[in-house]
Amino acid sequence: MSDSQENSAVVIAEAEPVTDSVASNVEPAIAATNLCKTYKSGTIFRKRFEALKNVSFEVKQGEVFGLLGPNGAGKTTFVKILLGIINKTAGAASLLGCNAGSIAARRQVGYLPEHLRISPHLTAWTALECFGNLSNVPNSTIRQKRDELLELVGLTGRHREPVKNFSKGMLQRLGLAQAMLHEPKLLMLDEPTDGLDPRARAEMRQIIHRLRESGVTIFLNSHLLQEVELICDSVAILNLGHLKYCGPVETIGQEVANENQQINAEVDLSAPLEEIEAALEGRTFKHLKPPTKTAASIDIGFAFQGEVDEFVDEMRKREISIQRLLPRRISLEDAFLKLIDDL
Ligand code: ADP
């Protein structure tokens, strides 16, 4: 993708109408403008490595936003700058209107790292106390909030059990509760469903949706694209430090689709193979499996619905039977791979 295309994707995303839960005049939850990070290593011959190159995008308040990218894309660098763990080299980054890394910004953020360590002898209550104390949350507030938070994450009644009895999903949910102790407006979650079984993932998704409904903005980092598709409203895709896409998950397929292939379909045709081949001549398609003497299963793109209708008419005219025609949306995973390959 060219630079101009990259920029247009971001501009389109910023111009999207705001959703119900987001007022138009509020500060973005996260804003990055031409953010750059160059790592320097070595003492005499200083090597420079540009991990973020002019990255600009916004996360609206009230949305669930996913930051995606292959290994080495710059995701951790981006998050570390937001949390004030490392300094940016150039550009600007802010959280809810406060400079990234400032105390005011940090107060508004709850963070769940990928591998949160909780001492096994602690109970859910004492773990919340420990984490709360580390974040300077007064004990009175912890006592007041702990049951409500455990209810939110589905751990009601488990407060006195040592966490060594907890499943990975329960530990992750307790981690979410600790990140919410100081009532942050923005939650940053690192691989929140990684390593969880399907049921635990579904529970985590439900909690994230509940938090979103209560107005919390959620910014997550994940390589599980099918999960991201289910959880997130919008995504940004980084590759080699460049922003490749920023916008709604729903429209990413259209963004990457070839203009001649806005509708994708899987079609099973049945007729003598030479007739099928003659009917498909001049069309762009790919076989989903090797054709037989009397059948073919193909993946085919159409620019608009009228073309699908024409295709069906043509097959009928040639007495080719359409056994199945299944329109298929371009998935986040398809779009991701296309954007990453499209260097
Ligand atoms: P991701 O989280 O997407 O895998 P990172 O932000 O960790 O990517 O890294 C982006 C790039 O920056 C990688 O090529 C990585 O090797 C490099 N990098 C990360 N941290 C440092 C560092 N402290 N010094 C030098 N290079 C680094």
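Trainee: In which element is the place of His287?
Mentor: This is a predicted model, in which local features need pLDDT of at least 70, side-chain atom pairs count only at pLDDT 80 or more, and totals for chains, interfaces and linings use all residues. Residues are numbered from 1 along each chain as its sequence is written, and side-chain values use heavy atoms, with hydrogens and water left out. Helices (DSSP runs of H or I, at least four residues) and strands (DSSP runs of E, at least two) are numbered from the N terminus. His287 accordingly has its place in strand 12.

Trainee: Is His287 buried or exposed, or in between, and what is its relative accessible area?
Mentor: A residue is buried under 20% relative accessible area, exposed over 50% and partly exposed in between (1.4 Å probe, protein chains only). His287 is partly exposed, as its relative accessible area is 36%.

Trainee: Which residues are in contact with His287, leaving aside its neighbours within four places in sequence?
Mentor: A contact requires heavy atoms within 4.5 Å. Beyond the neighbours within four places, the contacts of His287 are Ala296, Ser297 and Ile298.

Trainee: Which side chain makes a polar contact with that of Glu266?
Mentor: Glu266 is found in strand 11, residues 263–270, and is buried because its relative accessible area is 18%. Its contacts, not counting residues up to four places away in sequence, include Leu288, Ile298, Asp299 and Leu326. A polar contact is a pair of N or O atoms within 3.5 Å; within protein, one must be able to donate a hydrogen and the other to accept it, and residues adjacent in sequence count only if both atoms are side-chain atoms. At 3.3 Å, the side-chain partner of Glu266 is Arg324.

Trainee: What length has the polar contact that joins the side chains of Asn264 and Asp299?
Mentor: Asn264 is placed in strand 11 and is buried, with a relative accessible area of 9%. Asn264 touches Asp299, and also Ile300, Gly301, Leu326, Pro327 and Arg328, when residues up to four places away in sequence are not counted. The polar contact between the side chains of Asn264 and Asp299 is 3.0 Å.

Trainee: What separates the C-alpha atoms of Leu243 and Val55?
Mentor: Leu243 has its place in strand 10, residues 242–248, and counts as buried at 5% relative accessibility. Leu243 and Val55 are 188 residues apart along the chain, yet the separation of their C-alpha atoms is 5.8 Å.

Trainee: How many salt bridges does the structure hold?
Mentor: A salt bridge is a side-chain nitrogen of Lys or Arg within 4 Å of a carboxyl oxygen of Asp or Glu. By this criterion, the number of salt bridges in the structure is 12.

Trainee: How many residues apart are Arg146 and Glu129?
Mentor: Their side chains meet in a salt bridge of 3.9 Å, N to O. Arg146 in helix 5 (residues 139–152) and Glu129 in helix 4 (residues 124–134) belong to distant parts of the chain, and their separation in residues is 17.

Trainee: Why does the pair of Glu227 and Arg205 tie together separate parts of the sequence, and how many residues apart are they?
Mentor: Glu227 forms a salt bridge with Arg205, with the closest N and O atoms 2.9 Å apart. Glu227 lies in helix 8 (residues 225–231) and Arg205 in helix 7 (residues 198–213), so the sequence separation bridged by the pair, in residues, is 22.

Trainee: What is the relative accessibility of Glu314?
Mentor: Glu314 meets Arg283 in a salt bridge of 3.9 Å, N to O. Arg283 lies in the loop between helix 10 (273–280) and strand 12 (285–287), and Glu314 in helix 11 (residues 305–317), so parts 31 residues apart in sequence are tied together. Arg283 counts as partly exposed at 27% relative accessibility. Glu314 likewise counts as partly exposed, with a relative accessibility of 24%.
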